[in-house]
Number of protein chains: 2
Amino acid sequence: MAEKPLFERVALIGIGLIGSSLSHAIRKQRLAQHIAGHAQSQRTRDKAVELKLVDSIHADAAGAVKGADLVIICTPMSTYAAIGAAIAPHLKSGAILTDVGSVKQSVIRDLGPLLPDHVHFVPGHPVAGTEHSGPESGFAELFQGRWAILTPPPGTDEAAVEKLAELWRRVGSQVEIMEAGHHDKVLAITSHLPHLIAYCIVGTVTDLEEVTKSEVIKFSASGFRDFTRIAASDPIMWRDVFLNNREAVIEMLGRFTEDLTALQRNIRWGESDKLQELFTRTRDIRRGIIDAKQA
Amino acid sequence: MAEKPLFERVALIGIGLIGSSLSHAIRKQRLAQHIAGHAQSQRTRDKAVELKLVDSIHADAAGAVKGADLVIICTPMSTYAAIGAAIAPHLKSGAILTDVGSVKQSVIRDLGPLLPDHVHFVPGHPVAGTEHSGPESGFAELFQGRWAILTPPPGTDEAAVEKLAELWRRVGSQVEIMEAGHHDKVLAITSHLPHLIAYCIVGTVTDLEEVTKSEVIKFSASGFRDFTRIAASDPIMWRDVFLNNREAVIEMLGRFTEDLTALQRNIRWGESDKLQELFTRTRDIRRGIIDAKQA
């Protein structure tokens with residue numbers, strides 16, 4: 001007899017890149033008997049049905065969460081408060097509620113107080129993604145070999161945390177439990193600052209007078225190209241990330257611009273040893289990433 | 001009867017990523033009867049022979065250029081003046097001398113005056129590369145679908161420019177003729193600034209106290225990873241790029257930091273519309289790059 005799925009009914013609130021990838025992975029690993037989906041737009045709901053991402057589709061989030069033993073919020077963080085208020089009265093007793101947002105302190109602050117006591121709130125963040133968005137962009141392997149970070153507030157039921165961790169492991173991820181504030185600092189540097197810089201330089205380039213857009217595109221293979229890929233990520237999602245992780249991002253940005261100013265001075269004064277020393281040192285961390293199979 | 005090769009004897013001065021890739025591509029397309037090579041280190045010379053990158057190997061650059069009808073300098077730009085002085089008396093009359101350096105005004109300034117009048121000096125820059133270095137890292141397809149920029153000073157023999165352009169086309173590139181000063185501005189923004197920023201952020205990250213190196217490596221797939229690839233590029237080559245294109249790099253850096261400061265202010269004051277507007281605008285240029293097949 002086939003093993004019982006990990007969850008009976010999973011509700012996906014939001015069916016973009018992460019939601020649709022979760023659907024593919026959950027189906028492939030047979031982790032749920034039923035996937036209920038909610039999306040705000042009719043277009044996404046139609047697409048989700050067409051792509052068989054869901055077993056039931058709901059125009060209201062409340063309808064999707066009814067009877068679900070796992071609810072995963074996969075929408076931009078600015079929508080969390082409204083979604084929390086809408087679904088709270090309809091959550092099943094003992095259900096696990098998680099999310100996939102890239103900032104965790106603000107999620108705990110904004111969503112936590114709205115939830116009833118009989119629900120296990122385990123905020124999460126799969127450190128995985130592509131520059132593509134929407135229900136068509138998902139694929140089952142997105143989480144393979146990546147990390148999923150869980151940031152349960154103190155006192156969270158351990159069995160609930162472990163059950164959610166098991167879901168992430170089954171879709172191919174390694175799980176790390178982390179304090180939410182530390183998560184936000186780590187991600188500020190590994191993800192948020194790189195995205196901010198990429199968005200910024202692509203913006204700078206489009207404003208130039210002397211160099212045309214078509215020249216930039218032509219010769220982009222020499223470095224710029226990689227920044228444009230990052231800067232093609234979902235605008236709403238990233239707007240929300242920066243606003244929700246404001247302090248940590250500004251702190252990291254301050255360190256970065258300090259270093260950039262020093263580097264500019266090295267160039268202006270022709271301090272070749274200092275440039276070479278930095279450029280040699282930065283090679284090491286690349287090796288670490290290759291060794292850790294995250295390249 | 002087989003077509004006569006484009007060149008009788010090509011001399012590669014420097015056999016790193018670009019030199020070895022040129023060797024592979026020239027052999028594959030049968031563009032030279034003989035490839036003579038020079039490298040400064042015994043290790044590289046041995047490797048070049050072992051990998052059959054050259055038909056003759058020379059410990060002195062002067063020996064390699066003797067009788068060559070095409071000389072391609074593929075070393076870091078800080079070596080150009082010494083190489084120019086060493087090879088100048090040995091260059092064949094009517095030979096074409098080119099290079100692959102990433103800055104062109106400084107090359108014309110430093111190398112041009114050293115060369116005899118009977119040589120055609122056509123500075124060049126293949127806009128192609130990887131983060132790997134050394135004679136083992138080359139491959140014939142490196143230039144395929146990329147651009148090669150030539151920046152002949154006013155008055156350069158047109159037949160020589162055309163013959164060199166033909167070499168680049170035969171190894172798979174499209175050729176663009178450009179004024180050297182304009183080249184340096186275009187590359188400052190498409191290549192030099194992105195590399196500088198990547199080196200800088202990787203440096204910033206390695207200096208952090210609160211977030212460990214192993215955490216950065218673990219969670220690098222969320223954006224940081226792409227910067228580390230760029231920041232793993234050859235340290236000497238890049239040191240030379242920044243020192244040789246100082247003015248244009250500092251000018252672009254000034255624009256970038258201005259924009260970054262404005263963006264930081266948007267985040268601090270929660271100006272979500274401005275963030276979203278920028279993040280939406282930056283998606284367009286990505287589409288242009290994909291359409292131009294440079295993605």
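Biologist: How many residues does α12(A) have, and what span is expected for it at 1.5 Å a residue?

Modeller: Keep in mind that we're looking at a predicted model. α12(A) has 20 residues, and from first C-alpha to last it reaches 30 Å, close to the 28 Å expected at 1.5 Å a residue.

Biologist: And which residues of α12(A) are buried?

Modeller: Here's the general idea first. An α-helix has 3.6 residues a turn, so residues three or four places apart point the same way. Now the case here: the buried residues of α12(A) are A:Leu275, A:Leu278, A:Phe279, A:Thr282, A:Ile285, A:Arg286 and A:Ile289. Looking down the axis of α12(A), you'd find those buried residues within an arc of 110°, so they line one face of the helix.

Biologist: What does the face of α12(A) turned away from its buried side carry?

Modeller: There you'll find the exposed residues A:Asp273 and A:Asp291.

Biologist: Which elements do the buried residues of α12(A) pack against?

Modeller: Elements from both chains. From chain A there's α11, and from chain B there are α7 (180-206), α8 (213-218), α9 (224-230) and α10 (235-244). Past the helix, α12(A) is followed by A:Lys293, which has a positive phi, near 55°.

Biologist: Let's hop over to chain B. Why is α10(B) described as largely enclosed by the rest of the structure?

Modeller: For burial we count neighbours: 20 or more other C-beta atoms within 10 Å makes a residue buried. In α10(B), eight of the 10 residues pass, so this helix is largely enclosed by the rest of the structure. The buried ones are B:Pro235, B:Met237, B:Trp238, B:Arg239, B:Asp240, B:Val241, B:Phe242 and B:Asn244. They pack against α11 and α12 of chain A, along with α5 (105-111), α7 and α11 (246-268) of chain B.

Biologist: How many residues does each chain put into the contact?

Modeller: 82 from chain A and 82 from chain B. On the chain A side, α7 (180-206), α8 (213-218), α9 (224-230), α10 (235-244), α11 (246-268) and α12 (272-291) each supply at least two residues. The top contributor is α7(A), with 19 residues. Sorted by class, that side of chain A has 45 nonpolar, 20 polar and 17 charged residues.

Biologist: What domains does the assignment give for chain A?

Modeller: Domain 1 covers 7-178 and domain 2 covers 182-291. Their C-alpha centres lie 30 Å apart. Where they touch, 14 residues of domain 1 are in contact with 16 residues of domain 2. The domain 1 side of that contact has five nonpolar, seven polar and two charged residues.

Biologist: How do I read chain A as a whole?

Modeller: Start with the secondary structure, which comes to 12 helices and nine strands. Then take the radius of gyration: for chain A it's 21 Å, close to the 19 Å the globule rule gives for 295 residues, so chain A is as compact as a globular protein of that length. Along its principal axes, the C-alpha trace spans about 70 × 40 × 40 Å. Of the 295 residues, 53% count as buried. As for contacts between residues at least 6 apart in sequence, 76% join residues at least 24 apart.

Conventions. Residues numbered from 1 in each chain as written. Chains lettered and ligands numbered in written order. Predicted model: local features only at pLDDT ≥ 70, side-chain atom pairs only at ≥ 80, totals over all residues. Domains from an automatic or database assignment. Contact = placed C-beta atoms within 7 Å. Nonpolar A, V, L, I, M, F, W, Y, C, P; charged D, E, K, R; others polar. Helix = DSSP H or I, 4+ residues; strand = E, 2+ residues; numbered from the N terminus. Expected span 1.5 Å × (residues − 1). Buried ≥ 20, exposed ≤ 12 C-beta atoms within 10 Å, placed from the backbone. Arc of directions from axis to C-beta. Rg over C-alpha atoms; globule rule 2.2 N^0.38 Å.
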